[in-house]
Amino acid sequence: MLSLDKIYHAAYVLKGVARKTDLIAAPQLVPGVEDLWLKTENLQVTGSFKLRGAYYKISQLPQEALDKGVIACSAGNHAQGVALAATHMGAKSIVCMPDGAPIMKVENTRRLGAEVRLVRGSYDDAHDEAVRLQEETGATFIHPYDDEDVIAGQGTIGLEIMDTLDDVDAVIVPIGGGGLISGVSCAVKSLKPDCKVYGVQAAGASAMADAFHAGKWAASDTAVTFADGIAVKTPGDVTFEMIQKYVDDIVTVTDDEIAAAILNLMERQKLVSEGAGAAPVAAAMFHKLPLEGKRVVCVVSGGNIDVNILSRVINRGLAMSGRKATLAIKLTDKPGQLEQVSGIIAALGANVVSVDYDLSDPDLPISACTLRVGMETRDQAQIDAIRCELTKQGFAIVG
């Protein structure tokens, strides 16, 4: 089992390579959790914590292994860490990535010096191809999470948290395969055993959460989430053992909750986070954990979100937080109806941004239609007030 000494050694090796990222206060981010802090690994070199573990692992290889090169599989963040580390040490690197990986992560990996091979399917398919290539070439496989050296590198985040902030009560960490939380929890629990360490997974990729609560390692058949950094079907063997030893609980959050957390981080903290990085904040925002009155650190593990999906994520976040809504209202198609509806919405302080008449529903009378009104709103309470007033004025809301 990993020792604290090894994590300290990793911290020594990573000096001048990995940035000691800021731990910033976020007292307004989550109502009810005023003493909240963010460990900003989204501002790390390569935009993710993964550099730490990849660099430390490759730094420990003998020269003859470096001469044969390294191989890795990744959804994107580990890929960039491996590419940077291998190039820095003069080794050739091949990285297998799922073909659905964000374009930005693929191009950044190439820019950092790796040969990228896109594999059809999920992260696990990329893993299988990387293993095949390793057997074929004799290069060293750099596992993204189930490796003690990689875990030690990730554990340096835990050291930095405990060295920087006194009296931490809880640390919340995203989980994919489990390497990050294994290292962080080992460091945190070794230095302060009574500090809680919580893990967060996407509800659509909850293999480690399911295994943790069942008390028995098991893989999942699916990993469906836009948070590609934690979309893992097969938890690690080493990481599962460490999580059972050190982690207090694991919870899940939906993609909509993650989207709301990304939006919240952007608006309130001016931080761009990818889905995996925002998962701990989502767990705090949606009251998945007992955090009230505690000093809490959320590890924002990465910021490499593809700009092509960012607008969709923002729209989902707006809807989830009650900032954007669409009402469907059944109307008799006659003059003045739209004016009356928009007048009620305006009187209650919301803004109409789209209007659509649907005359095609065969279940409606010929003289009726469905009016869909898109609105910008303050919160869910304002949406509820608008619905209530429309109903009071005799309108039939059907969606």
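Contact, in these notes, means heavy atoms within 4.5 Å.

**Ground rules**

I am working with a predicted model, in which local features need pLDDT of at least 70, side-chain atom pairs count only at pLDDT 80 or more, and totals for chains, interfaces and linings use all residues. Residues are numbered from 1 along each chain as its sequence is written, and side-chain values use heavy atoms, with hydrogens and water left out. My helices (H or I, at least four residues) and strands (E, at least two) are DSSP runs, numbered from the N terminus.

**Entry: Ala282**

I started with Ala282, which sits in helix H12. Is Ala282 buried or exposed? Ala282 has a relative accessible area of 0%, so I noted it as buried; buried means under 20% relative accessible area, exposed over 50%, and partly exposed in between, with a 1.4 Å probe and protein chains only. Leaving out residues up to four places away in sequence, Ala282 touches Val253, Glu257, Ile258 and Ala261. I also looked at Ala260, 22 residues from Ala282 along the chain, and found their C-alpha atoms separated by 7.3 Å.

**Entry: the sheet**

Next I traced an open sheet of 6 strands, in the order S1-S2-S10-S7-S8-S9 and with mixed pairing. Two strands pair if DSSP finds at least two bridges between them. Strand S1 (23-25) and S9 are the edges, each with a single partner strand, so one side of each has no neighbour in the sheet. On average, neighbouring strands here are turned by 25° against each other, direction ignored. S8 and S9 pair in the parallel sense over 5 bridges, and I found Asp249 in S9 as the bridge partner of Tyr198.

Which strands does H12 lie across? H12 lies across S2, S7, S8, S9 and S10, and runs at about 155° to S10. Helix H7 (residues 148-164) lies across S1, S2, S7 and S10, at about 140° to S2. For these angles, axes are lines fitted to C-alpha atoms, for helices over the stretch in contact, and angles run from 0 to 180 degrees between N-to-C directions.

**Entry: the core**

I then turned to the largest nonpolar core, which has 38 residues. Such a core is a set of buried Ala, Val, Leu, Ile, Met, Phe, Trp, Tyr and Cys residues joined through side-chain atoms within 4.5 Å. Leu29, Leu38, Ile172, Val281 and Leu291 touch the most other members. H12 gives the largest share of this core, 8 residues. I checked Leu29 too: its contacts, beyond four places in sequence, are Leu36, Leu38, Asn264, Leu265, Arg268, Gln269 and Val281.

**Entry: H11 and H13**

The axes of H11 and H13 come within 7 Å and cross at roughly 100°. These helices are therefore roughly perpendicular to each other, a label for angles of 65 to 115 degrees. Among the residues that meet are Ala259 and Ile262 in H11, and Leu310 and Val313 in H13.

**Entry: two positive phi values**

Most residues other than glycine have a negative phi, so I stopped at two exceptions. Thr46 is not a glycine, yet its phi is positive, about 75°. Thr46 lies in the loop between S2 and helix H2 (50-59) and counts as buried at 15% relative accessibility. Asp167, also not a glycine, has a positive phi near 55°. Asp167 is in the loop between H7 and S7 and is exposed, with a relative accessible area of 58%.

Definitions and conventions. Parallel < 35°, antiparallel > 145°, perpendicular 65-115°, else oblique.
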